[in-house]
Amino acid sequence: KAADEFAERLRFAVERIMQEGCATTQAIADELNASGFPTRCGGRWQRGQVARLLKRLNIAVNATAEKAA
């Protein structure tokens, strides 16, 4: 599936972003945008898209940090 392949191509970048301390979907979206990673359709990342990306990659986000954001 194309969406799965796209998500896998972003796995390394997302994991690196999270290791650098981005703990919320908004922070991850901001960093993906700042780093020049477009969405699959060529747009800018929003937190809902990041949440779906993380779910597709089976990567958990810190729920406590997410609620505080």
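## Overall architecture

From the N terminus on, the elements of the chain run α-α-α-α. The model described here is predicted. Of the 69 residues in the chain, 30% are buried.

Contacts within the chain were also sorted by separation in sequence. Among those between residues at least 6 apart in sequence, 62% join residues at least 24 apart.

## The nonpolar core

The largest nonpolar core contains 15 residues. Within this core, I28, W45, V50 and L53 have the most contacts. Two or more residues are given to the core by each of helix 1 (2–19), helix 2 (25–34) and helix 3 (47–57). Helix 1 provides the largest share, namely five residues.

V50 illustrates how the core is connected. When its neighbours within four places in sequence are set aside, V50 is in contact with T25, I28, A29, L32 and W45. Two of these partners, I28 and W45, are themselves listed with V50 among the residues that have the most contacts inside the core.

## The loop between helix 1 and helix 2

C22 is placed in the loop between helix 1 and helix 2. Is C22 buried or exposed? Its relative accessible area is 18%, so C22 is classed as buried, the cut-off for that class being under 20%.

Leaving aside neighbours within four places in sequence, the contacts of C22 are I17, A27, I28 and E31. One of these, I28, is among the core residues with the most contacts. C22 and N62 are 40 residues apart along the chain, and their C-alpha atoms are separated by 9.8 Å.

## The largest pocket

The largest pocket has a volume of about 250 Å³. Its lining consists of A3, F6, A7, T39, R40, C41, W45, Q49, R52, L53 and R56. Helix 1 and helix 3 each supply at least two residues of this lining. The largest share, four residues, comes from helix 3.

By class, the lining has six nonpolar, two polar and three charged residues. W45 and L53 belong to the lining, and both are also named among the residues with the most contacts inside the largest nonpolar core. R56, another lining residue, takes part in a salt bridge with D4.

## Salt bridges

Side chains of opposite charge can pair when their charged atoms come close. In this model the count comes to four salt bridges. One of them joins D4 to R56, with the closest N and O atoms 2.6 Å apart. Because D4 lies in helix 1 and R56 in helix 3, the pair ties together parts that are 52 residues apart in sequence. D4 counts as partly exposed at 33% relative accessibility, and R56 likewise counts as partly exposed at 39%.

Two further salt bridges involve R11. In the pair formed by R11 and E8, the closest N and O atoms are 2.8 Å apart. These two residues are three residues apart in helix 1, so about one helical turn separates them. In the pair formed by R11 and E15, the corresponding distance between the closest N and O atoms is 3.6 Å. R11 and E15 both lie in helix 1 and are four residues apart, about one turn of the helix. Through shared partners, the salt bridges join E8, R11 and E15 into one network.

## Backbone geometry at N58

Most residues other than glycine have a negative phi. Which phi does N58 have, although it is not a glycine? N58 has a positive phi of about 60°.

N58 lies in the loop between helix 3 and helix 4 (63–68). Its relative accessible area is 73%, so N58 is classed as exposed, the cut-off for that class being over 50%. C22, in the loop between helix 1 and helix 2, is by contrast buried.

Definitions and conventions:
Residues numbered from 1 in each chain as written. Predicted model: local features only at pLDDT ≥ 70, side-chain atom pairs only at ≥ 80, totals over all residues. Heavy atoms only, no water. Core = buried A, V, L, I, M, F, W, Y, C linked by side-chain atoms within 4.5 Å. Buried < 20%, exposed > 50% of the residue type's maximum accessible area, 1.4 Å probe, protein only. Contact = heavy atoms within 4.5 Å. 1 Å grid on protein atoms, 1.4 Å probe; cavity = no way out; pocket = protein on both sides within 12 Å on 5 of 7 lines; lining within 4 Å. Points joined across faces, edges and corners; volume = space filled by probe spheres on them. Nonpolar A, V, L, I, M, F, W, Y, C, P; charged D, E, K, R; others polar. Salt bridge = Lys/Arg side-chain N within 4 Å of Asp/Glu carboxyl O.
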